[in-house]
Amino acid sequence: MYLGMSAPASGDVDFARDVRPILAGHCYKCHGPDAEQRQANLRLDARESAIAEADSGELPIVPGKPDESELVRRILSDDESEQMPPPDANLILSPAQKEILKQWIAEGAVYQPHWAFVAPQAAALPDVADVSWPRNPIDRFVLSKLESENLQRSPEADRYHLIRRLSLDLIGLLPTAEEIDAFVADERPGAYERLVDRLLASPHYGERWARRWLDLARYADTNGYEKDRPRSIWPYRDWVIDAVNSDMPFDQFTIEQLAGDMLPSATLAQHIATGFHRNTMINEEGGIDPLEFRFHAMTDRVNTTATTWLGLTMGCAQCHTHKYDPIQQREYYQVMAFLNNADEPEMEAPSLMQIALRRNLQAEVVSRQNRMFQRYFVDQPVASNETPWAARSRPFQKWLREEQQRAVDWTILRPVTAKSDLPRLEILNDDSILASGDQTKRDEYRLTFAGDFSGVTAIRLEALPHESLPRNGPGRAYYEGPKGDFFLSEVFLKSDAEHRIEIASATETYAKLGIGSGGSSAALALDGNFHTGWSVNEGEGQPHTAVFNLRQPLATAQKLQLTLIFERHYPAGLGRFRIAVTRDTREITASKVPVDVEASLLSPFGKLTAAQQRRVKTYYVSIAPELDNERKAIEKLHKSLPEIPRTLVMQERPLDFPRPTYFHKRGEFLQPTETVDPDVPAFLHSFPTDRPRNRLEFARWLVNSENPLTARVIINRHWAAFFGRGIVGTLDDFGTQGDLPTHPELLDWLALEFIKQGWSTKSMHRLIVTSATYRQSSRVTPQLIEADPENRLLARGPRFRMEAELVRDAVLCASGLLSDKIGGPSVFPPQPATVTTEDAFGKLQWKVSEGEDRYRRGLYTFMKRTTPYAMLSMFDGPSGEACVAKREVSNSPLQALTLLNDAVFLETAQRLGAWAATQSGPPQLVLDDLFRRCLTRPPDTVERDALLAFYTRQQTRFAKRQDAALALAGDGKKSNAAERAAWTSVSRAILNLDEMITKN
Amino acid sequence: MTDVANNNCDVTRRHFFGDCGVGVGKIALASLLTGATPRSSDARQQPSGDLTPCDPHFTPQAKAVIHLFMAGAPSQLDLFDYKPKLAEYEGKSIPPEVIGGQRYAFIRPDAAALGPQYQFAKHGQSGIELSEILPHLGHVVDDICLIKSVHTDQFNHAPAQIFWNSGFPRPGRPSLGSWLAYGLGAETTDLPAFVVLSTGSGISGGAANWSSGFLPTVYSGVRFRNQGDPILNVTSPEGVDSQLQRETLDLIGDLNRRRLNVEGDPEIATRIASYEMAFRLQSSAPELMDLTSETTATLEMYGADPEKPSFARACLLARRMIERGVRCVTIYHSGWDAHTNVAGNLKNNCGKTDQASAALVSDLKQRGMLDETLVIWGGEFGRTPMVESNPALGRKLGRDHHPQAFSMWMAGGGMKGGYSYGATDELGFHITEKPVHIHDLQATILHTLGLDHERLTFTHQGRQYRLTDVHGHVVHDLLA
């Protein structure tokens, strides 16, 4: 049997299978694609170079003549100064490898392109001797290989194993007793296929398969690094579940996640989908350069895209040209350029129900406000005992008089130019300025205004909310500081003569400092100290105003230059703001009266239009002290509006504000050199010339049917999910250093079939699970383990430990505790508080969820990157810090301790124990039911006897140990404690069996 | 019951001994039970990991490591690297040509200098200069190797801590302890090979600091906690006495063995072994944590209260772990991040750590364990010669992060004692002599344990990875 380990017979040397792995592993580092590292100007990955004269004048390879080939002489040399690879490289060629190279040269030194870089080929289905076995084409490929290796396939697994295997694979849950009975008893043809169809249609299918995708997406509920604070991106997780459940074609699934925002009239769901690349980490340490960690997020996006879709280790090309695969360093940054032109805002992601609820509640608020308005301002009393309006209106009249006297005549200015060190400043129709794009820890906004400013006495700065800003603004702080806050450090004003205009004083409508102890006020933006300034913590989402009084009214001035500086240990620029000036000669203080109301107050009330009058009155109603109580009721209603979840998305930049992408020398952030344009690696199918080079077209390029990699890479990962091992073992590396496929024709057939089936994942899952290959028994015979220990050739069915989430789900499922609720914010199942308080910086208090949320499926567990949920990481769950194509399957004593003693698992055993204790039948029948709930199959006699004996013994012991019985039985009730404790012990033992957490 | 066990005993033994072909790697833990022969060093890379002892590349000096990780970064200028010149500069900016293009976390480069906050004096025969705030360390100064010329690439806590541990500034690569467990295996099957403890505030880099990265998970650091179970879930649930736990494990073992007989999958044998080891952990962990066998003199030397979690208790536990065969113990003491009041910060943290750190060295020495145990003391970077002061953040008389020159000390494990290495300029800003990069330290640490940092590799995504990436030189001058 050939498993790629022994030396091939004469005439059999295959470049791809036998030679390239040797050359790549031992030679390419210095004689490969990387021109910078290349020695002696020799590359052995390209035949024309390998057979040409080297710098030394020698011929490295003379096809057909190993004895004349310098390469052969050097690999056989004992002279350390000549020997290749050089001894200090620690790359030792075995005698067999040397022999292969010699033989390959003797046979003509034929090169072949790397298999995975050539498009899949449709092969005829191979002939097999045992024609009765295959159920679909998959089996033809598998059986043909088994027959050629003289391996005996395994018989079909029994119905118990089949339904358990299928349920775990397709929906990640155990079958119920009724489902088991129905399937085992269903003797009609097509019973298995009906089961498959039922499971594929289950809404839990989406949960099961979303989780695998989330590994690649590095989904988590916190930002990572030191602070590791929570983020809200679970709407993206729910999008994946929905997309999988609806069997969204994989090409569309790809395009929406990479570029949903760029699709014509993108839907809310398509925006949410772009969360895929917002799962990168955010470092919130005060000392960081946000642009540096943005660069790290970008490299993560490139590497993750390459791993997920192309199965390429592109990350190697960040610092230098890839040593083994034909990826130039420049191409790395060209791929980055496709992905690097988006801004990264949050957006609201309401459900349809929330939208409706919010709409209704808002209508109710408006109607109550109208009623309040009507009642207050009706001219005639409705009832005879009410005070006449003339008397009642006194407070309003008084307020009106006062505010009219106080009102300032402001002129809103539209800037001629609005520039900054980095952010984009866009002038909106209402003359306000909206900031977007990247930020630094010292952003400087420079506005110029033209006009006649003579006599100007004060300047007003309105800080305004906007939906594009974190928590609606008005600031842009998005990490470390309070989200949506800003920090205005200093304000400078100059006239056209370039002379500094002195500002004498400043006031503001609201000020509060989020971090630190220096206070906050607009006046602090005048003190010449960049460390102090104005911010509006806890006033996020609201407008705020500051007024700056000039020392003297301006003399003649045609031009004003206003500079705003935002310096903090986090980016804290203003998000939206507007500037106005006045010639009012009084000392002006900032007013809470809205700008439009204040404008109306400048004219006699009677001269106002009806609409203006109403606006003034409406505002009054909103502040009138005599209406406090009525307003409270409305505010309460307002507060009951459902909180709309927010999620992180990508938003392509406007055409006039592209973000340049640079080549980075040695991959270092601090060494950008020239800018690069978007392009794809030259060795892959070319980018269409008639399409714009942007993220959307890049996504389409990835799923173009010409792509030799994507369909293979994706289907190979699905295959591995079912069989425990991919057709290509290295799920994340289809490059020259990766494993060769065990069944290359099958892989190609599956890849082509995937495309043919319209990229339908469910169709491919159906195909795989209905194969005879999949339905085999997983029993391991000594012969099989001898011949094929890793089951590469699939002479038996899959058997391996479940993934972390499935371990939790299966145990909860068996006990009946599992919640079937789908989606929503992540939850906090029980775990010791010390996991998040002792291990990580933020000391997150793990407040255990109550009710149903205590028992949700594993994928809904709150994922904290620096301290993942202990049970899940114990079973090799990911941390969300990097893209994971293949989880490890470890087997450790700590897992045993978890299943034996962890509170969650104890509770499941208690639940089963309580259930068993209330069953009326004889213990043997109760045990059988209990056993089947956990392991699907009935126990055999030895198992039954052992468990019953254990039960009886514990029952006797617990009868004498009432306190222990009460403690173990849980729930605090006294009745039946010994019985419940005994059954809890039995359940605990069953839940700890290897088979319980194994798919077999 | 016993029948089930006996009937299947042979099958299990056969699997343990690896008759089944796949055995050796896959049932690594199982083979531990049988006292199997060491792995050969070229067979390190196994898909599921393997903790059987493995020969080092060459004869090691050290067998185990205790790393006292001073997280948050202590001020070398007030503890180890005395710069009287700084006092002269106090209130003045450091010349811009000294500062160059260095980026800082919080301060502006023109911030004024801040003089040493404590007096220094020479100690021991070696005459090494130490701050008055480290009186206990002064007593063991002739056993330590002080390196004043360490530098790192990172100037923020999480990246710098992860970089120190894994040679890479972001999560995803194996930590030092994981590489040691991978490279050398475990000396005990009753305790984990790599243990992590912590005192003080939370750890910036989080679990990435002791992650096995792309190495198999069995090499991950195992947390010993201050509150509740030292190892999560090591205590049986209430109502489960040791007899029930033993009977339960026997039952599980018997039924698993029966399944092994039927299914033939060697993974079941590994599971059986895991449960046996779990049971042993249930007694070895409490035994380890029980300090009643320690003398009053020992407890006093460390300043440890047996009942109260503290850095001192953690140091004592570390010694007990090493005695019991643990390969690597890391104790995180967080809290050194003195952006304000560096003097007060040092007083507080030295008060918590100085005595126990020195006691650990003395205790190991008097027990004859110091030669084979490498003790490492230090933070993820240093602190600036310049003052940090920012009224808006309520900060004064602090020091910011300083990656380009800081101090650490090591003791035992083949390091020179009473030895001071490297130097910085008169303001403590730059290294002037014998720079030691974090990758050099890592190479040197591996070297003391008999591992060649260039040969200790693991193939992942088509590339051979190592702790020192493509850098690092063993600093032979430090070795005795």
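Student: Which residues is B:I331 in contact with, leaving aside its neighbours within four places in sequence?
Tutor: B:I331 is in contact with B:L68, B:F69, B:L197, B:S198, B:F311, B:A314, B:C315 and B:A318. Contact means that C-beta atoms, placed from the backbone, lie within 7 Å. This is a predicted model: local features need pLDDT of at least 70, side-chain atom pairs count only at pLDDT 80 or more, and totals for chains, interfaces and linings use all residues. Residues are numbered from 1 along each chain as its sequence is written, while chains are lettered from A and ligands numbered from 1 in the order in which they are written.

Student: Which members of the largest nonpolar core touch the most others?
Tutor: B:C145, B:A181, B:C315, B:A318, B:I331 and B:V375, out of 365 residues. A nonpolar core is a set of buried Ala, Val, Leu, Ile, Met, Phe, Trp, Tyr and Cys residues joined through C-beta atoms within 7 Å. Buried means 20 or more other C-beta atoms within 10 Å of the residue's own; exposed means 12 or fewer, and partly exposed is in between, with C-beta atoms placed from the backbone.

Student: Which helix gives the largest share of this core?
Tutor: Helix α11 of chain B, residues 266–289, with 11 residues. Helices (H or I, at least four residues) and strands (E, at least two) are DSSP runs, numbered from the N terminus. Another core, of 20 residues, lies apart from it and includes A:A24 and A:L71.

Student: Switching to the chain contact. How many residues of chain B are in contact with chain A?
Tutor: 76, against 83 residues of chain A. By class, the chain B side has 31 nonpolar, 28 polar and 17 charged residues. Ala, Val, Leu, Ile, Met, Phe, Trp, Tyr, Cys and Pro count as nonpolar, Asp, Glu, Lys and Arg as charged, and the others, Gly among them, as polar.

Student: Which element gives the largest share of that side?
Tutor: α10(B), with 11 residues.

Student: And how do α33(A) and α10(B) run, roughly parallel or roughly antiparallel?
Tutor: Roughly antiparallel. The axes of α33 (residues 941–960) of chain A and α10 (residues 242–263) of chain B come within 10 Å and cross at roughly 175°. Axes are lines fitted to C-alpha atoms, for helices over the stretch in contact, and angles run from 0 to 180 degrees between N-to-C directions. Under 35 degrees counts as roughly parallel, over 145 as roughly antiparallel, 65 to 115 as roughly perpendicular, and the rest as oblique.

Student: Which residues of α33(A) make the contact?
Tutor: A:V942, A:E943, A:A946, A:F950 and A:Q954. From α10(B), the partners include B:L244, B:L251 and B:R258. The contact has six nonpolar, one polar and four charged residues.

Student: Now the open sheet in chain A. What is the strand order?
Tutor: β4-β7-β12-β9, with antiparallel pairing. Strands pair if DSSP finds at least two bridges between them. β4 (417–420) and β9 (490–495) of chain A are at the edges with a single partner strand each, so one side of each has no neighbour in the sheet.

Student: How many bridges join β7 to β12?
Tutor: Nine, between residues 442–450 and 559–567 of chain A. In this pair, A:L447 stands opposite A:L562.

Student: Last one: where does A:R358 lie?
Tutor: In helix α16 of chain A, residues 352–377. A:R358 counts as partly exposed because 15 C-beta neighbours lie inside 10 Å. Not counting residues up to four places away in sequence, A:R358 touches A:P350, A:L641 and A:P642.

Definitions and conventions: Two residues are in contact if their C-beta atoms, placed from the backbone, lie within 7 Å.
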